[in-house]
Amino acid sequence: MKIQENISLKDYNTFGIAVKAKFFAEVISKENIIEALTFAKNAKKPVLILGGGSNVLFTSDLDALVLKINIRGIEQISQDKDKVILAAGAGEMWHDFVLYSLENNLTGIENLSLIPGTVGAAPMQNIGAYGVEIKAVFHSLEAIEISSGLSHTFLPRDVNFGYRESVFKKGLKGKYIIYKVNFNLSTSHVPNIGYGDIQKILAKMNQAKPTAKNISDAVISIRQSKLPDPKRVGNAGSFFKNPVVPVEVYNKLKIAYPTLPGYSNGPSHIKIPAAYLIESAGWKGKKLGKVGVHDKQPLVLVNYGGGNGNEILELSREIQLDVQKKFGISLEREVNLINDKSLIYP
Ligand code: FAD
Ligand code: EPU
């Protein structure tokens with residue numbers, strides 16, 4: 001394992017923010033991780049774990065060791081009737097893993113097609129799209145504790161998954177390095193096509209009895225029509241979470257804003273699309289210098305090139321203030337803000 005010095009992270013985050021890392025190493029094994037942690041401990045530097053960099057916003061250079069997780073490998077652990085457990089290295093690209101499952105006639109993650117990033121980061125925020133979250137297929141994961149170097153197995157009850165949440169984004173934030181994730185997949189198929197747009201696209205494709213591959217293709221086509229490709233325009237997907245409010249709050253807002261959409265979220269709460277709130281506050285398609293709000297999906301903030309993390313952060317704060325003023329709703333950031341102060345020492 002090579003430890004490099006003063007490396008630009010511009011190509012390692014999908015916002016394309018050009019901050020520098022004091023030290024940088026790509027790890028391809030569990031042993032590499034231990035070696036890297038020993039280095040960081042001796043150098044008295046904190047550690048940042050990086051996957052595909054598709055859900056981070058860098059706001060300063062990092063006087064730290066950045067560990068890019070590149071641990072590969074997918075293997076079948078067991079099969080029992082129609083249930084198969086697949087283990088994947090944390091550095092596998094998520095979408096490649098979805099394609100691997102489809103090629104092997106395994107279902108359960110087809111709705112999560114084309115989400116950027118790595119397998120190891122997927123449990124961090126319980127990635128979700130088109131009516132499915134990885135919580136539904138999560139079996140367990142293996143992770144190394146940064147402070148002790150010890151490995152732990154996390155079962156579903158340990159991970160505390162929520163909407164774009166897990167224990168790794170809360171109490172254990174930055175404290176564990178996930179190196180392997182195990183998934184429960186299925187050889188039979190129960191299509192999940194409740195999310196509006198999927199049905200429309202499948203109808204256009206004349207797929208009345210869609211296979212998992214058909215659903216994956218439909219999801220890919222919807223995503224490509226809405227979301228900016230980070231290879232062309234810097235972004236990290238949804239910048240904020242969709243706010244979840246009590247039904248009474250929603251009903252009051254609905255009187256003032258009759259077109260306000262809302263989706264049931266348990267018996268007493270409603271999830272409101274943040275995109276609607278941001279658009280109504282006048283931000284859709286707006287530019288502030290080199291950064292701005294995407295013109296097709298206002299939940300996505302973009303870096304048109306050369307923008308820095310603080311400019312994006314400032315833009316996000318102005319949007320939060322306006323949405324708060326207009327609707328009385330506070331938007332919570334989904335993207336992980338990364339600076340020197342947010343990192344853990346081994
Ligand atoms: P990174 O950005 O590298 O890291 C994210 C966080 O996880 C950081 O705090 C990092 O320190 C930590 N981390 C990363 N790897 C590990 C590890 N192995 N062990 C411990 N900690 C780790 N997300 C959705 O849920 N649904 C979507 O539909 C969706 N669409 C997107 C569309 C676009 C165009 C983009 C750019 C992003 C989208 N995202 C979406 C967000 C993003 O793809 C996911 O959050 C993804 O899981 C991030 O993976 P990553 O490897 O890039 O993580
Ligand atoms: N909308 C607007 N204006 C727009 C676009 C959307 O008002 O310009 C409103 C509409 O009411 C629309 C609703 O927002 O029906 C929902 O839009 P969309 O289906 O595009 O989804 P989203 O709620 O904005 C969420 C996730 C995405 C995920 C999609 C599909 C969050 C924070 N975001 O977006 O995840 O891909 O649903 O399931 O939950 C991500 O997390 O990075 C991400 C992209």
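## Salt bridges

In this predicted model, a salt bridge means a side-chain nitrogen of Lys or Arg within 4 Å of a carboxyl oxygen of Asp or Glu. By that rule, the count comes to 10 salt bridges. One of them joins the side chains of Lys-226 and Asp-197, with N and O 3.1 Å apart. Lys-226 belongs to helix α5 and Asp-197 to helix α4 (residues 196–204), so this pair ties together parts that are 29 residues apart in sequence.

Glu-332 and Lys-241 make another salt bridge, with 3.0 Å between the closest N and O atoms. This pair links distant parts of the chain, 91 residues apart: Glu-332 is in the loop between α8 (309–327) and β20 (336–338), and Lys-241 is in the loop between β13 and β14 (244–246). Glu-332 is partly exposed, at 45%, whereas Lys-241 is buried, at 6%. Together with Glu-165, these two residues are linked in a network of salt bridges.

## Ligand 2

Now to the ligands. A residue is near a molecule or strand if one of its heavy atoms lies within 4 Å of it. Which residues are closest to ligand 2? They are Tyr-163, Glu-279, Lys-284, Gln-297 and Glu-334, out of 24 residues that surround ligand 2. By class, the shell has 12 nonpolar, 4 polar and 8 charged residues. In this scheme Ala, Val, Leu, Ile, Met, Phe, Trp, Tyr, Cys and Pro count as nonpolar, Asp, Glu, Lys and Arg as charged, and the others, Gly among them, as polar. Helix α5 (212–226), strand β13 (234–238) and helix α7 (274–280) each supply at least two shell residues, and α7 gives the largest share, 3 residues. Domain 2 (74–224) and domain 3 (228–338) both give residues to this shell, so ligand 2 lies between them. The domain bounds come from an automatic or database domain assignment.

A polar contact is a pair of N or O atoms within 3.5 Å; within protein, one must be able to donate a hydrogen and the other to accept it, and residues adjacent in sequence count only if both atoms are side-chain atoms. A backbone N or O atom of Tyr-130 lies 2.7 Å from an oxygen atom of ligand 2, and one of Tyr-276 lies 3.5 Å from a ligand 2 oxygen. Lys-226, from the salt bridge with Asp-197, also places a polar side-chain atom 3.2 Å from an oxygen atom of ligand 2. The protein covers 82% of the 840 Å² of accessible area that ligand 2 has on its own. Accessible areas come from the Shrake-Rupley method with a 1.4 Å probe; for residues, only the protein chains shown count as cover.

## Ligand 1

Ligand 1 is surrounded by 33 residues, the closest being Ile-49, Gly-52, Ser-54, Thr-118 and Arg-223. The shell has 17 nonpolar, 14 polar and 2 charged residues. An oxygen atom of ligand 1 is 2.8 Å from a polar backbone atom of Asn-55. Nitrogen atoms of ligand 1 are 2.8 Å from polar backbone atoms of Gly-128 and Ile-178. Taken alone, ligand 1 exposes 970 Å², and the protein buries 94% of that.

## Reading the numbers

Residues are numbered from 1 along each chain as its sequence is written, while chains are lettered from A and ligands numbered from 1 in the order in which they are written. Because this is a predicted model, local features need pLDDT of at least 70 and side-chain atom pairs count only at pLDDT 80 or more, while totals for chains, interfaces and linings use all residues; side-chain values use heavy atoms, leaving out hydrogens and water.

Definitions and conventions: Helices (H or I, at least four residues) and strands (E, at least two) are DSSP runs, numbered from the N terminus. Buried means under 20% relative accessible area, exposed over 50%, partly exposed in between (1.4 Å probe, protein chains only).
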